[in-house]
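Please view the sequence and the model first, and then read the points grouped by topic.

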Amino acid sequence: MSSSPTGRLVGARINRKEDVRILTGKGRYIDDVHGRGVLSAYFVRSVVAHGRITRIDVEAARAMPGVAAIYTGADMAAMTNPVNLLPPMPNLVGPTFPVLAVDTVRHVGDPVAIVIATDRYTAEDAGALVDVDYDVLDPVISCDDAFAPGAPQLFDDVPGNLIFTDEASFGDVEEAFASADRIVTDVLDQHRWSCVPMEGRGGVATYDQATGGLTYEASTQSAHLLRIMLAGFTNQPINQLRVVANDIGGGFGLKFAICREDIAVCAAAKKLGGSVKWTEDRNENLTSAGSAREEKLTVEAAVRNDGTLLGLRVSMDMNLGAYPGMASAFAIPKQILFMLPGPYKIPAYAYSVRVAATNKATYVALRGPWAAETLARERLLDKIADELGMSPVELRRRNLITMADQPCPMGTGVPLETMTAAETFERLVSKVDLDAIRAEQAAARAEGRLLGFGIGTAFEPAPGTAAYWANIGFPAGSEPMKMRIEADGKVTAFTSQVPHGQGHETTLAQVIGDELGVGFDDVRVVFGDTDATPYSMMGTAGSKAAMMATGAATVAAREVKAKVLEIAAHMLEASPSDLQIENSVVSVKGVPTSGVPLAQIAMGAMLAPGLMPAGVDLKLEADTSYDGETGGWSSGSHACWVEIDPDTGKIEISRYVVVEDCGTMINPGVVDGQVFGAVAMGIGGMLLEHSAYGPDGQYVAATFMDYLMPSAPEIPEIEIDHLEYQAPTMIGPRGVGEGGTVIAPAALMNAIDDALRQVGGTRIEATPVTPTRILEAMGVIPRE
Amino acid sequence: MKPAPFEYWAPTSLDEALKLLSGFDDPGDAKVLAGGQSLMALLNLRLAQPAYIVDLNGIAELSSISRDNGTLTIGAMTRQRIAERSADVAAACPLMVQALQQVGHPQIRNRGTVGGSLAHADPAAELPTLAVCLGADLVMRGPSGERTVNARDFFTGFLSTVLAEDEILTAVRIPAAGPGTGSAFEEVARRHGDFAMVGVAAHVQLNGDTIAAASIALSGVDGQPVHAADAGAALAGQTPSDDVFAAAGAAASAGLDPTSDLHASGAYRKHVAGVLVRRALKVATARAKENQ
Amino acid sequence: MTSPMTQRQITVTVNGAARAATVEPRRTLADFLRHDLDLTGTHLGCEHGACGACTVVLDGAAVRSCLILAVQADGHEVTTVEGVADDGAMHPIQQALWDNQAFQCGFCTPGFVMSIYGMVGEGCGRLSRQEIREELSGNICRCSGYQKIVDGVEAALSGEVTA
């Protein structure tokens, strides 16, 4: 336990409350829920990428002892409503599909039946007896496949497999390109990789036949949204449906909104009565849960020879897989393309995008879903710098929007304020000696060693602004909080956040403790239960919590504090503005002996209202929200040093530096942890992780032997420098969870290309960057 | 992912285990369980669904390390971690210590066995490659008694060996490293502890300033470990130099036609094989010099 | 739970106490601990021995409980994460990890605690940060990027724990 130099909780590296149960193995994750009568669900899944189900026979499976029920796609369709997760929106065509596949399977792992049995072993045994015949259809694997004339159609209601298309233009793009000294083009072909939380998806659905109530204990990031959607798809009245969340083993975007399996499990529980538990195993998680980042971008820059950027044009193809999720189809491509100009002055910009349905698992949100924009842009900038013979530092400096330039609009017109990418960049640059690096590289080359250096800069919407979100078509909204002082003077706060590693039980207690003058241990944060917590659609996603939940906690605490001080003012015969609360005692400022314990006020208000001052509000509760004020942006700049073994293509990251600005840090340890984790994920994504499909749509990376997660030796020691720029908002903290995953790939890829450039290697245009790709780029081995 | 049902026996003697195996109508329906680090994963994934499991972990006589007259004998059920830390192994076969340090992670080696890795015969695994490099003898026993097969004849293809379905591998016998010898294990893997994309085990015997004999084996480049016999033989009588090592690398690599997979292309494996042979020979020779 | 296969009676010493149960041979040690003994601290992250979330200490050595059958633990000693702390107080390893804010979602955490416990129990002594990373390469964490775990292990190994 420690506190900051000021004695305040905010700013202190306090040990997390969550860790007591986490470190001693007393957490409650989905698979930990068991007991008499909890049945286990297991999904039978398609082994073909695209096909018609011609026969499905469950009789032998149903007859197995221990099997409570088996529901095929047709059975499930009779118990649920068909699924379409996309809103009505121009140029967006959302297919409608059944909860479990009925006639058509559209990716390897597409669920075709659910087996409910006494335990998972038995359920898998029965699942093995389910007999399915498929008429194999030609699969659609790439975007080119999807859009080719005469391509197989995945959905009757999605002509040409085109789910979404969009284009926009800002400024005079034609003029920019006509007047440029040169046009620099770059291609980025990003591969598919996945969230891979250590706990897969899952939930325990319990239906009480006596009350008609359905409870779903879920591994979710958005309890309220899940509740609304589940109610709709299972024909359950919303007020008879309760979602709860306890410990969640990571999300990274995967557990936002709803998946078809959630619906099937709840529908099965309703039909059977009792409890049905589903935990996704790793095989299912890697094959069926969904993945992200499969985008191909072609970017062109109109450039003056002095390095000034005149304009950008980008076209993007995005591979959405089958069964679009709630937001990926439109919100993510729009975020990518809207953010692409980044923290640079881009007077003219145009983009276009096509999103394809293909025979792959669905495209999900993955930490920093818009990351392709930073990767494409930062790589393009290095390419421009190289062509112009300028240093990548100088090129960026010439074009970055600084604090002095703001307020000003970003390339896509959204107003910017307190966007400090340039400031993080300058701090980063002050920590590196580019001349020394170039000399070191030359010396190394003479010894036959290959060193590379790369940087990346970006800002992110954390939480963004209302204007930004309006452009994306995704509601920003306000953040609610309920709070009350209990009869013993301690505090219970109910948040709509659903933390899954972010430490909100700790950070919100720090905020509330400071605002209310109570101890860190006296604040309890309740989350995840839709019966107790206030409604918000988003839950925990999009790096909003640091500002929005902090804001909600602050507003709620101030409301409650005002009520306490009003009561105390009568008791102490002072004006509320002369009072303070410290260590749970209300006293007149400067007169410590005058104090009344908060507990006394609370107990009086609740148990002896007749003895309390007349005419004051005795309800020491708040049910309020925070509107986000003018929102905020977080920024970061990363530098990456690599050494490439020219004989084996192995890449070692020898040094990694982060400068980031997320405003006020509530708990620096938590912030550091988010940065380390985010960077590690970005590194893993670029070098190791690949949700790979074969040409026939077969899924290749179904175990951790093939889907490679970075382990400790693969991640370098990361140095972090924090700037804490304050926006002109009441609330100081801004989000920090995603920036590392967005910027790390750019810094790393730039370092790799920097290394390859020295030996005349070709640019890496496709990821992941494996040792094979390195040796191919160096011309040491032929391309496959 | 849970295993399919099976019947299970845990014999306490080798004879009992062998009797069980030969008693099944179809011994192909049975699998022996050693460390379980490979087999249990296959069972959990239902990629293997044997009707019978014969657990060897209760057979104490199969766990031993002994050295006599220039031969190091390791019982098949000896835990990899025990072998890794054994003074006898360090003295008689430093290559094994080096190879074992590349095998997975400590938790794998705490349970995995020397014999299990050899019998499982993953072509990217370290111990089979080491056995081929050193020309170890593998001892097995079946209903018709005990037989010994040299490692260079033992591995027949992907996850395949000459072990009959009713035979159990009991020990591996390795010629102890003498003076003037040095060995090295070099591998390239995607991550620390992964199976190698390509691995090389090299053993060099010096006679003064020239190479008396050398042996090279490669992992990850074919369905089974490759014994680069010609490249090794060509080193005899040569004076060690980087050019000589490079030529051996080229010779070893020339005959290879590795397949491509998610982790590396065939061309990559072929090229890096040559690189690692060169590196391994260099290190092995330097160690041999120190050992003279 | 019904099964056509022979069930076996086993007695395993778990966290110092003899625990008896009747299990199918195919039941993994991990599932035995989690479901038969209600010791749910040991987690399943992959069930093919790659992620380390299921790590327990068996006869003094850290192993993957998803790759061991419960019947194989009959007559042996198992320590799980629930058995590391002393009646409410944290073990110095847990304290060091807590003080260094090593973990986030907690799913990988028991596996790390047991790998470190096993490492320390075998007398690993003081290790460099790189050596710590290599010793822990068999445990995957998705949240933390490992750095603060290394901080915690370094602190635990040097005895710098504010217990």
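A:Glu629 is partly exposed, with a relative accessible area of 33%; buried means under 20% relative accessible area, exposed over 50% and partly exposed in between, with a 1.4 Å probe and protein chains only. The model is predicted, so local features need pLDDT of at least 70 and side-chain atom pairs count only at pLDDT 80 or more, while totals for chains, interfaces and linings use all residues. Residues are numbered from 1 along each chain as its sequence is written, chains are lettered from A and ligands numbered from 1 in the order in which they are written, and side-chain values use heavy atoms, with hydrogens and water left out.

**Backbone features of chain A**

- A:Glu629 has a positive phi of about 50 degrees although it is not a glycine, and its place is the loop between strand E25 (621-626) and strand E26 (632-644) of chain A. Helices (H or I, at least four residues) and strands (E, at least two) are DSSP runs, numbered from the N terminus.
- A:Thr418, also a residue other than glycine, has a positive phi near 50 degrees. A:Thr418 is buried, with a relative accessible area of 5%, and lies in the loop between strand E17 (415-416) and helix H13 (421-431) of chain A.
- The peptide bond from A:Gln406 to A:Pro407 is cis, with omega near 5 degrees. A:Pro407 belongs to the loop between helix H12 (392-399) and strand E16 (408-409) of chain A.
- A:Thr767 and A:Pro768 are joined by a cis peptide bond with omega about -5 degrees. A:Pro768 sits in the loop between helix H20 (739-758) and helix H21 (771-777) of chain A.

**The open sheet of chain B**

- Four strands of chain B form an open sheet with antiparallel pairing, in the order E11-E12-E13-E14; two strands pair if DSSP finds at least two bridges between them.
- The edge strands, each pairing on one side only, are strand E11 (181-189) and strand E14 (226-227) of chain B.
- Helix H8 (residues 126-134) of chain B packs on the sheet and touches E11, E12, strand E13 (210-219) and E14 of chain B, where contact means heavy atoms within 4.5 Å. The direction of H8 makes about 150 degrees with that of E13(B); axes are lines fitted to C-alpha atoms, for helices over the stretch in contact, and angles run from 0 to 180 degrees between N-to-C directions.
- Nine bridges join E11(B) to strand E12 (residues 196-207) of chain B, and the two run antiparallel. B:Val188 has B:Val198 in E12(B) as its bridge partner.

**Helix packing in chain C**

- The axes of helix H3 (residues 109-121) and helix H5 (residues 147-157) of chain C come within 12 Å and cross at roughly 30 degrees. H3(C) is therefore roughly parallel to H5(C); angles under 35 degrees count as roughly parallel, over 145 as roughly antiparallel, 65 to 115 as roughly perpendicular and the rest as oblique.
- C:Phe112, C:Ile116, C:Met119 and C:Val120 in H3(C) meet C:Ile149, C:Val153 and C:Leu157 in H5(C).
- The axes of helix H2 (residues 92-99) of chain C and H3(C) come within 10 Å and cross at roughly 130 degrees, so these helices are oblique to each other.
- From H2(C), C:Ile93, C:Gln94 and C:Leu97 meet C:Val113, C:Ile116, C:Tyr117 and C:Val120 in H3(C).
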